[in-house]
Amino acid sequence: MAKPKIGKPDDLDTRIEDPAILREAFQTLFESETEFPIKVEGTHTLPYFSTIRSLHWDQKSMILKLVRPLPHELMVGAVFHFLCASGEQRYEGFIKFLGREGYLQYRFQMPAYLTLSDRRAHKRYPFRPRESAYVILQDQGIPGLGVAGPLVNIGMGGLALRVDRVLKLDTGYRVPPSTALFDRGKGFPRIRIQDLPRVHLLEVRGIATHATERGAEVILGVNFSSLQDEEEAQLRSALDLRDRLQKGSMPSRIEGGAVPLRADDGRIPAQAQPAAPAVQGGDDMEAELLKRLRRRTSTVALVMPDGPARQGLETALRVAGFHRLLVVDTLVQLAVEAEDDPRDRPPSLCLVDIDVTQSGDAEPLEAVRSIEKAVAALGPIPTVILCDAVDPTLLLSQAENTRFLFPELTLESMDALDELLEGQD
């Protein structure tokens, strides 16, 4: 398989070989019944306009319906060039003629790769570092790479970011940023754009179009592979506001830093809200009783250095109804206590202060992976990592049973603990 090139951002020969992106592009064409032209490569004949009638992924082929017939003398194996628009992106490539299937219907071999037809079809809006817009990219699940850095510019078709950090998702270890890490056409199935105007968080998919060095910095360009209706509306709203700011129809400055993650992200609680009304009875009463029973009977490990903060949190947990607390200073002590437990039962839930790793200048994600590994040695135990602030890179590949919470208990954080305990039933 040909390797995608790395070159100047103005080059338009980006090869996209990611099977997921190819599949998505042709599935979109098929479902939308979008018409696109194909033309015999190397000839001056008029193009044939076609639509996809069926896709056969197992055979790597598709059936196209044309508006006029192909010549009868056309040989099997003839190569056609095509140009299509799928989502926000225009692609081109080559398909091979395999034979006739019916009236105006022909079978073609799926392309091995796509090429970006035009690199930038939409206006890009620049962002300055003080505006705190941030981008996090993930190329695949664990193991894989996470990429993070401030937003440089963005448009409806894609964005550019300054690569500040590249992390191995399985260990959290940092990798030096380099253009060699970003093959053109490399897919990013998860892209998180944080703190655009009016849009706190936007998640999309995309592909790398260029990676260039600007002095000591690495600038990565990404094209969105497609945008859902809701994503497109959110992005357009943010860019419309930016456009008005540039034209001077609104105040030209957006104050403030990054917006904290909200409680409904399921990771960081908001400030405590007024107490919920008392349970009246019926199913609600039964659910409340079960919750209280879980708190009273579940062993909860609190791993945190001794001091006022730990004492305050331990008191708050006991007041909330958690009576079986295993309080230790370190993860090593937790392992010893769990091994000495005569019941041979690991804790139902672990609350671990991120500072117990004493990671120093190491990446926060590396500290998280270290905690997850130590707790996993005891069993499949839900883990709450206590930290005063969540670095954006911690959310690159959050484990299913891991949550990030403030050390201070709130109603929202208590709900998170109850949810994790309920999952243990």
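The secondary structure of the protein comprises seven helices and 22 strands. The model is a predicted one. Of its 425 residues, 47% count as buried. The accessible surface amounts to about 21,600 Å². Carbon and sulfur atoms account for 51% of that surface. Contacts were also sorted by separation in sequence. Among those between residues at least 6 apart, 63% join residues at least 24 apart.

Aromatic rings were examined next. A pair of aromatic rings is described by the distance of the centres and the angle of the planes. A search of the whole structure returns five aromatic pairs. One of them joins phenylalanine 36 and phenylalanine 82.

Phenylalanine 97 and tyrosine 106 form a tilted pair, because their planes stand at 55° with the centres 6.2 Å apart; an edge-to-face pair would need an angle over 60 degrees. Phenylalanine 97 and tyrosine 106 are both buried. These two residues also belong to one aromatic cluster, together with Phe80 and Phe108.

Two arginines lie over aromatic faces. Arginine 68 is placed over the face of tyrosine 48, at 3.9 Å from the ring centre. Arginine 242 is placed over the face of phenylalanine 127, at 4.0 Å from the ring centre.

Helix α5 spans residues 331–340. Its residues Leu331, Leu334 and Ala338 are buried. Viewed down the helix axis, the buried residues of α5 fall within an arc of 50°, so they line one face of the helix. An α-helix has 3.6 residues a turn, so residues three or four places apart point the same way. The face of α5 turned away from the buried side carries the exposed residues Val332, Glu339 and Asp340. On the buried side, the residues of α5 pack against three strands and a helix. The strands are β18 (299–303), β19 (324–328) and β20 (349–353). The helix is α6 (364–376).

Glutamate 41 sits in the loop between β2 and β3 (48–56). Its relative accessibility is 42%, so glutamate 41 counts as partly exposed; the exposed class begins over 50%. Glutamate 41 and histidine 81 are 40 residues apart in sequence. In space, their C-alpha atoms are 5.5 Å apart. Leaving aside residues up to four places away in sequence, glutamate 41 touches Val79, Phe80, His81 and Phe94. One of these contacts, Phe80, is also a member of the aromatic cluster with Phe97, Tyr106 and Phe108.

Definitions and conventions
Residues are numbered from 1 along each chain as its sequence is written. This is a predicted model: local features need pLDDT of at least 70, side-chain atom pairs count only at pLDDT 80 or more; totals for chains, interfaces and linings use all residues. Side-chain values use heavy atoms; hydrogens and water are left out. Rings of Phe, Tyr and Trp (its six-membered ring) pair if their centres lie within 6.5 Å; planes under 30 degrees apart count as stacked, over 60 as edge-to-face and the rest as tilted. Buried means under 20% relative accessible area, exposed over 50%, partly exposed in between (1.4 Å probe, protein chains only). A charge sits over a ring if NZ of Lys or CZ of Arg is within 6 Å of the ring centre and within 35 degrees of the ring normal. Helices (H or I, at least four residues) and strands (E, at least two) are DSSP runs, numbered from the N terminus. Contact means heavy atoms within 4.5 Å. Accessible areas come from the Shrake-Rupley method with a 1.4 Å probe; for residues, only the protein chains shown count as cover. The arc is that of the directions from the helix axis to the C-beta atoms.
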